[in-house]
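Hi everyone, thanks for coming.

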Amino acid sequence: MAIALALCGIFAFGVRVWLKTFIESRVKVTVDIQTEEIRSQLRNSEERLKSNLRNREAEISVLRDGALSGRASRAAQIDKRRLEAVDHLWDAVLKLSSLQGPALTLSMLKLDAVAKEVPENENLREMLEMMMLVKDFEETISGLRAEVERPYVEEPLWSAYSAYSSVIIGSWAIMKMLTIGIKDANQFVKLDHMKNVLKAALPHRAKVIDEGDVTSHYHFLDEIKQNILVEIKRELDGERADGEALKKAATIMDAVKKVERDASEISNTPASSEKF
């Protein structure tokens with residue numbers, strides 16, 4: 001009996017040990033499987049995250065490169081357009097140079113005496129017409145279209161061009177009034193305003209300009225033209241206008257605007273509007 005009880009005790013102990021070992025092994029296997037699944041999920045998540053980051057970096061790189069490329073392309077297009085503007089503006093200067101005849105003729109006259117004579121002297125008017133040495137002045141001026149180039153050039157270049165054209169067109173306007181016989185044509189001209197254009201463009205010549213009259217303006221055209229060339233070279237070299245150059249340009253443009261207003265007033269006066 002004692003032996004049987006001992007055997008039962010040994011058997012029961014063995015069963016407990018076996019059950020414990022079995023349960024622990026099953027639990028370990030389950031935990032290992034779950035742990036591996038979690039690790040696998042983490043690795044997959046990490047790979048997806050890395051893949052998404054690579055894709056995002058690629059997208060950002062494409063956008064950055066596209067933006068830089070677009071900026072460079074726009075800059076190149078603007079530079080190309082500026083070069084075209086400079087070329088077109090110089091072409092306009094050359095065409096204006098061919099229209100210096102009226103200014104040259106005016107420089108040969110005693111304006112006050114001629115202005116008194118032309119209303120009653122047809123022969124004098126015809127002679128002045130021939131002396132102007134230019135045809136199709138208005139058509140040439142209207143065909144210049146220099147205004148469309150203004151946004152693409154620096155103010156010093158544009159103001160020098162404006163001064164040059166102002167002298168040429170102003171001289172033509174005076175000669176035109178003489179050739180059509182407007183009485184006291186010289187009285188329509190605000191000489192101080194025309195002088196101010198020249199003095200703004202050529203400040204170092206202010207004294208000489210003040211000592212002369214409108215008939216002397218022709219003699220300053222070549223110097224203004226040379227200034228235009230200087231400004232064109234600066235633009236082609238990529239130089240930007242400094243504060244002093246911009247101030248000078250503003251002064252020139254203020255003077256030019258006054259002359260333009262004077263021309264508008266002349267064209268609207270009864271004496272000139274009937275004949276122009």
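Predicted model: local features only at pLDDT ≥ 70, side-chain atom pairs only at ≥ 80, totals over all residues.

Residues are numbered from 1 along each chain as its sequence is written, and side-chain values use heavy atoms, with hydrogens and water left out.

Back to S171. You'll find S171 in helix α6, residues 155-179. Helices here are DSSP runs of H or I with at least four residues, strands are E runs of at least two, and both are numbered from the N terminus. Is S171 buried or exposed? S171 has 1% relative accessibility, so it counts as buried. The cut-offs are these: buried is under 20% relative accessible area, exposed is over 50%, and partly exposed is in between, with a 1.4 Å probe and protein chains only. And what does S171 touch? If we skip neighbours within four places in sequence, S171 is in contact with P102, A103, L106 and M194, where contact means heavy atoms within 4.5 Å.

Now for the packing of α6. Two packed helices are described by the angle between their axes and the distance between the axes. The partner I picked is α4, residues 122-131: the axes of α4 and α6 come within 8 Å and cross at roughly 150 degrees. Those axes are lines fitted to C-alpha atoms, for helices over the stretch in contact, and the angles run from 0 to 180 degrees between N-to-C directions. So α4 and α6 are roughly antiparallel to each other. For the labels, under 35 degrees is roughly parallel, over 145 roughly antiparallel, 65 to 115 roughly perpendicular, and the rest oblique. Which residues meet there? From α4 we have R125, L128 and E129, and from α6 we have M175, L178 and T179.

Next, have a look at S97. S97 is in helix α1, residues 2-97, and is buried, with a relative accessible area of 17%. The S97 side chain makes a polar contact with the side chain of K225, at 3.1 Å. A polar contact is a pair of N or O atoms within 3.5 Å; within protein, one must be able to donate a hydrogen and the other to accept it, and residues adjacent in sequence count only if both atoms are side-chain atoms.

Now the loop between α5 (137-142) and α6, where G143 sits. G143 is partly exposed, at 44% relative accessibility. R145 is found in that loop between α5 and α6 too, and counts as exposed at 60%. Its phi is near 55 degrees, a positive value in a residue other than glycine.

Finally, the whole chain. There are 11 helices and 0 strands, and 32% of the 276 residues count as buried. How confident is the predictor? The mean pLDDT, which is the predictor's confidence in each residue from 0 to 100, is 80 for the chain, and 74% of residues reach 70 or more. Confidence is highest in α9 (residues 221-236), at a mean of 94, and lowest in α11 (residues 270-273), at 51.
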